[in-house]
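The following exercises concern a predicted model. Each task is followed by a solution in steps.

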Amino acid sequence: MGSTTIDDTNVTDPRLYLDGVPHERFARMRRAPGLTWHPYGDDGFWAVTRHADVREVSRNPEVFSSAIGHTNLWDLEADALEARRSLIDTDAPDHTRLRRLVAGAFTPKNVRKWEVAVREIAVELLDEFVELGGGDWVDLVAAPLPIRVILSMLGVPVEDADYLVELSNYLVEGTGDTQSIPPDAFGNTTELRLLPFGSPASHALFEYGEEMQRQRREEPRDDLVTHLVEAEADEGRLSPNEYRNLFHVLVFAGNETTRTALSHGALAFAENPEQWQAVLDDRSLIDSATEEVLRWATPVLHMRRTASCDTELAGTEIASGDKVVMWYASANRDDAAFADPFRFDVTRADGEQFAFGGGGPHYCLGAFLARLEISVLLEEMAVRSIRLEQTTEVVRAPSNFVHGVLSVGMVPEVVR
Ligand code: HEM
């Protein structure tokens with residue numbers, strides 16, 4: 001079997017996503033035989049759109065490399081790739097070494113230790129939201145919850161949450177076509193191509209992480225930054241460049257994605273009140289509802305790999321060096337994995353949602369933490385019998401990488 005090229009199937013134009021994920025185009029690619037060759041810039045990539053194929057790519061890191069090229073769509077020059085390389089853009093053994101440094105903090109057992117803190121933050125935000133009679137769900141609840149949690153884990157002052165959310169918003173802009181800040185914003189003098197997402201906000205986040213590092217070197221504490229500082233001091237375990245990219249990825253990945261899940265979750269429940277009623281009637285549905293929110297939201301739309309050798313997938317021949325892009329947004333709507341995939345169903349028990357990736361060594365480090373945040377928020381909303389009603393149009397991010405929601409008005413109603 002060969003491959004397919006479909007001209008009207010461009011799914012990389014960031015502006016498309018202002019109207020939501022172009023599901024029709026993905027459905028066409030899923031139905032086409034083999035993999036679809038998708039033009040991109042002067043070249044292109046193999047679009048992996050089916051659930052089973054995403055699983056296959058994710059679980060074969062020797063063939064589908066994260067270190068060659070880049071894990072975003074665009075290529076980077078060798079010096080830029082080195083400067084920007086984080087845990088996400090590595091293969092074993094570097095990946096194994098870096099991941100081991102942080103994995104301990106994110107095991108189910110250790111994540112559960114944060115449950116009380118997560119609940120306190122969720123309750124505070126929900127109480128404020130109800131007291132205000134609603135407002136922008138992203139600003140008031142979805143953004144502050146995950147950033148406060150990850151900052152608490154890192155040991156970063158929570159007072160800086162708004163600043164770090166602001167930086168994250170600029171990083172999201174960096175994944176699209178337009179940036180609203182000049183290259184020298186935040187005192188940046190580094191060439192943008194050397195910074196993650198080509199954004200001066202990455203310079204600011206690097207500086208912030210380095211300041212935290214200085215403080216913890218002088219005064220160690222029981223937090224994640226201190227742990228990384230100690231690993232850096234222990235020669236060979238973490239280089240200065242690895243430290244700053246790891247700090248960057250933990251802050252960005254630790255807040256932007258969960259915020260997106262909480263935003264799409266709120267929208268899904270506002271649009272499907274009977275699904276929320278089902279949760280209110282039966283709290284044991286919280287776990288399956290959390291998985292369904294994740295599937296529905298798919299906050300990270302895709303990740304890229306690069307073939308390390310000639311290979312074959314779904315009957316399509318892939319040459320060494322070809323880009324292979326896994327579209328989680330498509331896999332999570334594949335009817336081969338989920339019955340009636342466009343129905344939001346909190347009782348769903350079929351399929352394994354791929355919001356955290358399709359498995360394998362890069363499977364989301366923060367998956368248990370994100371699940372905890374979503375389920376605790378749902379529980380606390382249920383305890384208060386809060387039903388959300390959407391009051392404004394949703395404003396989405398113009399990005400083909402993150403399924404971002406910039407704002408959406410919601411009012412809380414207490415269900416009797
Ligand atoms: C709903 C929330 C989240 C979603 C949807 C999400 C999604 C993802 C995805 C798709 C990947 C790439 C998987 C792959 O390449 O196979 C990933 C990796 C990662 N995520 Fe998450 N994530 C979320 C929350 C978090 C949180 C809370 C953290 C906190 C630390 C985090 C940290 C990371 C890191 C460090 C990686 C790179 C792991 C590696 O390359 O080994 N994520 N995430």
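**Exercise 1.** Locate Ala314 and determine whether Ala314 is buried, exposed or partly exposed.

*Solution.* Step one: Ala314 sits in the loop between β6 (311-313) and β7 (316-318). Step two: the phi of Ala314 is near 50 degrees, a positive value in a residue other than glycine. Step three: within 10 Å there are 17 other C-beta atoms. A buried residue requires 20 or more and an exposed one 12 or fewer, so Ala314 is partly exposed.

**Exercise 2.** Carry out the analysis for Phe197: is the residue buried or exposed?

*Solution.* Step one: the loop between α9 (161-174) and α10 (200-218) contains Phe197. Step two: although Phe197 is not a glycine, its phi is positive, about 60 degrees. Step three: Phe197 has 21 C-beta neighbours inside 10 Å and therefore counts as buried.

**Exercise 3.** Describe how β12 pairs with β4 and with β9.

*Solution.* Step one: β4 (residues 135-136) and β12 (residues 409-414) run antiparallel and are joined by two bridges; Asp136 has Gly409 as its bridge partner. Step two: β9 (residues 386-390) also runs antiparallel to β12, with five bridges, and Ile386 is opposite Val414.

**Exercise 4.** Which helix supplies the largest share of the shell around the ligand?

*Solution.* Step one: α12 (240-271) and α16 (367-383) each contribute at least two residues to this shell. Step two: the largest share, seven residues, comes from α12. Step three: by class, the shell comprises 19 nonpolar, eight polar and one charged residues.

Note on methods:
Residues are numbered from 1 along each chain as its sequence is written. This is a predicted model: local features need pLDDT of at least 70, side-chain atom pairs count only at pLDDT 80 or more; totals for chains, interfaces and linings use all residues. Helices (H or I, at least four residues) and strands (E, at least two) are DSSP runs, numbered from the N terminus. Ala, Val, Leu, Ile, Met, Phe, Trp, Tyr, Cys and Pro count as nonpolar, Asp, Glu, Lys and Arg as charged, and the others, Gly among them, as polar. Two strands pair if DSSP finds at least two bridges between them.
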